[in-house]
Amino acid sequence: MKATRWLASYAIFAALVAECLVLAFATDAFFTESNLANVVRQNAFTAILAAGMSLVILSGGIDLSVGSVVGLSGVLCADALVRGAPLPAGVAVGLLVGLAVGAINGLAVTKLRVPPFIVSLAMMLLVRGAAYKYTNARTVSGLPSSFAALSQGALAAATMAAVFALAWVLLMRTPFGRHVYATGGNPEAAWLAGIRVHRVLLAVYALCGLCAGLAGVLVASRLNAGYPKAGEFYELDAVTAVVVGGTSLFGGRGSIWGTLAGAFFIGILNNGLNLFHVETYDQLMVKGVVLLAAASLDRWRTKAA
Amino acid sequence: MSLLCAAGLSKSFPGVRALEGVDFDLRPGEVHALLGENGAGKSTLIKILGGALVPDAGEARLEGEPLPLGDPLAVRRRGINIVYQELTLVGELTAAENIFLGREQGRPLLRRREMARSAQELLDGLGARVATDAPVRTLSVAQQQLVEIARALASELKVLILDEPSATLSGPEVERLFAVLRGLRERGLGVVYISHRLEEIFAIADRVTVLRDGRHVASAPVAGVDRAQLIRWMVGRDLTEEFPPRAPTPGGVVLDVRGLACPPRFTDVSLTVRRGEIVGLAGLVGAGRTSVALALFGALAGVRGEVRLEGRPARFGSPADAIRAGMGYVTEDRRRRGLFRLLSAGANVTICYLRSLARLGMLSPGRERPAAAAAAREFDVRAPAGLAQPAGTLSGGNQQKLLLARLLLRPRRLLILDEPTRGIDVGAKSEIYALMNRLTAQGLGILMISSELPEVLGMSDRVVVMHEGRTAGELSRAQATPDSVMEMATAGP
């Protein structure tokens, strides 16, 4: 019983290692510096989104608006830069957009008491619409070259690492983090234990929005333009990474490292399937199967525990 | 001749002998009251008779044929139906749909009109004016109860078991229910009626069976017993539990509650707790004691009345405010309101005062672990795999000790303990009593809610008794006896 539980808790790390080993031996292209750098660059955004999503899901909620925030944050950041704002100001605009949308999500969840799924679904539509409306569905281009440097390999990796390090400190080393786990695990007990549950939730959604804003800036930098369409379906990638990483969708259980591993498990899966020339459609189906398997593993583990 | 007859029923749960060799028999055409204190084994008995629990020993027969115990569906098909205190109707469906739930008529298309008509007939037969086409959540509790009874009648019914049906009913509604039960009695059915209210027993029951501590105490015709006799049967055990001697030196008033109300949970509660004093809050289940605790702790909305903590107004808007003001609360509902099952045992202890353990906003295992370990040691929390093990995997007694340990690390003015020893072993109980004495010696006031009379009498310096949402009266330690508390709890002031 104990062994199976241990296995279930660390399955994602074992799976990630196995996946890398298989690809390293089966292909020449995988274990090369350029390919690995590529994998990191491509998945840094998803991983950052998933870090924020982890907080929300641990608290017992979900945030479907992060993909749209990537679009709006990128567009407004790019627009500010095109209008001549200095680089830090442009980045700040992107971050603030995310923070603001996240705060609205949090307020709607706590004050209006609308379920997080609905709140964030509504915001997903609203924010995506806003991104199209602001740009008239056109691309914001003509960005300064210094902006593109933000998403270069080493910097993107460092940003991602910083986000995860901060998230880990927040979750494992601060009262707030413990309150997130407690709220997700048993909201009523958390409230009776004197935890200001509403503040915790508000902060969690705001932080998730902030991560999405950051990811939006990085995506815009990588594309070197503000696309209103950017980030479509990223929310699903983020949720997938979190769930594959072993975090319970019911809240209260999971780890940030699991999420990082989950994001890269999916990222490397994509990479591997590409290296094997598997078609895009088949890749989608493989991802679906992996998600289902991870979620059923979680149910099985819940029963075992 | 008996309709339903059970012999030698025994049932144990981990750590508790819920029933020990209980006999019970029910005759056709009688209303048989089942009486006993909280935890006497009434629920276990009816769950066995209803097929929801398998007894460890013993058997039950309906009209001489053995009952398939442990198979609720088969038992119901044989004609035994239980109406639980917590109604089991589907709120969004109509009365008619609920009555025929799982037995819908018509395939493949429902014969809605036919079902509505038979439902109406059943309800009319009960003298219930209930619309069959409205969602049952719009009906009153009394009406919903009648729908449950109608549902039982829709199939062949021989025995109807009612679990505290009157707990949520008003006077006239109880009268109507009694009329229905008399009607069923005339039709030759057997009715088992569970209630704490002695006056109801005399009003409706033909015979009464009293359980105490899982054993059968007496069965007798109601005509031959009086109230005092019933109370003696219910509580007449020796107070064998060891309670450490108390030497209270009450100081100034720490908690002063006047006219507190939170309708419909409770309507008029006044009490005081002094420094260094344990005040027992006694009453039957459903009298509103837990709601009073939650209201004092800032956990209920819509509270009226006056509360003062050490002289300062103290109507708290949230538990966080109450805790900050020096109040502590240990819940009776460990699973739902107390424990974080997924967090480690240690984290469960430290959760309330993480901020004071943090340095510059940061927690460190090096500071948190010893604090949790010390509190856990104080309560002898036994975690086989250490305090890092998830709290949900500990035994019930150890979970309870975790919740108490949670309160230890911060000085407090007032502690509200709601059933502090529920579900824990004797050894752990006396540890908790000793701790209560230590805390009051340090000047804390304790308000203790307990449904166990020996505990109330053994630990309280004063006893406040609640009856149906009101404080019915107050008894000094000298005045408080099993009979006086029970009398006040069942009859009011």
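The legends below describe close-up views of a predicted model.

**View 1. The interface between chain B and chain A.** In this predicted model, 32 residues of chain B are in contact with 23 residues of chain A, and the two chains bury about 2300 Å² between them, 62% of it on carbon and sulfur atoms. On the chain B side, the residues that lose the most area to chain A are B:Phe340, B:Leu342 and B:Leu363, which together account for 23% of what that side buries.

**View 2. Polar and charged pairs across the interface.** Between chain B and chain A there are 4 salt bridges, and 9 residue pairs are in polar contact. The side of chain B that touches chain A draws at least two residues from each of the helices H10 (319-324), H11 (334-338), H12 (345-350), H13 (354-357) and H14 (365-378), and H10(B) gives the most, with 5 residues. By class, this side of chain B has 19 nonpolar, 5 polar and 8 charged residues. One salt bridge pairs A:Arg178 with B:Glu368, with the closest N and O atoms 2.6 Å apart.

**View 3. Strand E17 of chain B and its neighbours.** Strand E17 (residues 414-418) of chain B is largely enclosed by the rest of the structure, because 5 of its 5 residues are buried. B:Leu414, B:Ile416 and B:Asp418 point one way from E17(B), while B:Leu415 and B:Leu417 point the other way. Strand E16 (residues 327-330) of chain B pairs with E17(B) in the parallel sense over 4 bridges, and strand E18 (residues 445-449) of chain B runs parallel to E17(B), joined by 5 bridges. B:Ile416 is the bridge partner of B:Tyr329 and also stands opposite B:Leu447 in E18(B).

View 4. B:Arg246 forms a salt bridge with B:Asp461, the closest N and O atoms being 2.8 Å apart. B:Arg246 lies in the loop between helix H8 (227-235) and strand E11 (253-262), and B:Asp461 in the loop between helix H17 (453-459) and strand E19 (462-467), so this pair ties together parts of chain B that are 215 residues apart in sequence. Both B:Arg246 and B:Asp461 are buried. B:Arg413 forms a salt bridge with B:Glu310, with the closest N and O atoms 2.8 Å apart, and this pair links parts of the chain 103 residues apart. Here B:Arg413 is partly exposed, with a relative accessible area of 29%, and B:Glu310 is partly exposed at 26%.

How values were computed. Residues are numbered from 1 along each chain as its sequence is written. Chains are lettered from A and ligands numbered from 1 in the order in which they are written. This is a predicted model: local features need pLDDT of at least 70, side-chain atom pairs count only at pLDDT 80 or more; totals for chains, interfaces and linings use all residues. Side-chain values use heavy atoms; hydrogens and water are left out. Contact means heavy atoms within 4.5 Å. Buried area is the accessible area (1.4 Å probe) that two parts lose on being put together, summed over both. A salt bridge is a side-chain nitrogen of Lys or Arg within 4 Å of a carboxyl oxygen of Asp or Glu. A polar contact is a pair of N or O atoms within 3.5 Å; within protein, one must be able to donate a hydrogen and the other to accept it, and residues adjacent in sequence count only if both atoms are side-chain atoms. Ala, Val, Leu, Ile, Met, Phe, Trp, Tyr, Cys and Pro count as nonpolar, Asp, Glu, Lys and Arg as charged, and the others, Gly among them, as polar. Buried means under 20% relative accessible area, exposed over 50%, partly exposed in between (1.4 Å probe, protein chains only). Two strands pair if DSSP finds at least two bridges between them.
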